[in-house]
Amino acid sequence: MNQNGNVSPAKPSVMNESQIWGRRVIFAVLSLVIVIPLVNLRILMRDGVPIGLERGEINLAYAGGMFFSVLLILVWYYAYKGRQKARVMLGLVYLITTSITVVVPLMLLFMGTVLPASWPISISLAAVYGLAGWVLLVSANIKAFQNYQQQLGSVPI
């Protein structure tokens with residue numbers, strides 16, 4: 001009982017194995033959220049500003065991409081805190097991103113467009129994103145971890 005005479009929920013005990021695996025997967029997803037902006041920043045520092053960006057041709061796309069990266073970090077945070085809708089949104093974003101980044105190059109390839117030599121690597125990285133999205137949507141471990149986080153957040157201090 002707390003000071004008001006109400007029965008307070010018990011603090012969750014130590015995480016079980018599925019909750020631990022869920023936490024590991026959610027941190028692996030965080031690495032995906034962070035790695036793309038870091039790779040882009042590294043390329044900017046190594047190769048300089050892209051010619052299209054210097055001419056003002058892709059400023060809007062670049063700003064949109066950076067905003068999207070920040071938005072993904074916020075959505076990941078809410079998924080980590082146990083919000084089910086944030087997990088579903090993050091999973092759907094990854095699946096949609098994967099479908100676009102896989103389908104568009106394959107369509108261009110079939111239309112006869114010469115793709116850069118690194119396109120198979122890009123497609124395999126997109127497949128990792130798709131796998132992350134699928135895992136976010138269906139993993140019982142992540143759901144168990146989110147339930148643990150919700151229980152932890154509902155306990156009064």
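Which residues in H4 are buried? In this predicted model, the buried residues of H4 are Ala86, Arg87, Leu90, Gly91, Val93, Tyr94, Thr98, Val102 and Pro105.

The secondary structure of the protein chain consists of 6 helices and 0 strands, and its pattern along the sequence reads α-α-α-α-α-α. The chain has 157 residues, of which 29% count as buried. Its accessible surface amounts to about 10,700 Å², with 69% belonging to carbon and sulfur atoms. When contacts between residues at least 6 apart in sequence are considered, 75% of them join residues at least 24 apart.

H4 comprises residues 84-110. The helix has 27 residues, and the distance from its first C-alpha to its last is 39 Å, close to the 39 Å expected at 1.5 Å a residue. Just after H4, glycine 112 adopts a positive phi of about 95°.

H5 spans residues 119-138. Its 20 residues should span 28 Å at 1.5 Å a residue, and the end C-alpha atoms are 29 Å apart, which agrees with that expectation. The buried residues in H5 are Ile123, Ala126, Tyr129, Gly130, Ala132, Gly133, Leu136 and Leu137. These residues lie on the same side of H5, because they cover an arc of only 170° around the axis. An α-helix has 3.6 residues a turn, so residues three or four places apart point the same way. On the other side of H5, Ile121, Leu125 and Leu131 are exposed. The packing partners of the buried residues of H5 are H1, H4 and helix H6.

Tyrosine 129, in H5, has a relative accessible area of 13% and is therefore buried. Apart from neighbours within four places in sequence, tyrosine 129 is in contact with Leu32, Ile36, Tyr94 and Thr98. Tyr94 and Thr98 are among the buried residues of H4. The C-alpha atom of tyrosine 129 is 10.0 Å from that of threonine 101, although 28 residues separate the two along the chain.

Two glutamines were also examined. Glutamine 19 is in helix H1, which covers residues 17-47. With a relative accessibility of 12%, glutamine 19 counts as buried, because the class is set at under 20%. Leaving out residues up to four places away in sequence, glutamine 19 touches Asn141, Ala144, Phe145 and Tyr148. Glutamine 146 is located in helix H6, which runs over residues 140-154. Its relative accessibility is 0%, so glutamine 146 likewise counts as buried.

Terms used
Residues numbered from 1 in each chain as written. Predicted model: local features only at pLDDT ≥ 70, side-chain atom pairs only at ≥ 80, totals over all residues. Heavy atoms only, no water. Helix = DSSP H or I, 4+ residues; strand = E, 2+ residues; numbered from the N terminus. Buried < 20%, exposed > 50% of the residue type's maximum accessible area, 1.4 Å probe, protein only. Contact = heavy atoms within 4.5 Å. Expected span 1.5 Å × (residues − 1). Arc of directions from axis to C-beta. Areas by Shrake-Rupley, 256 points an atom, 1.4 Å probe, with all protein chains shown as cover.
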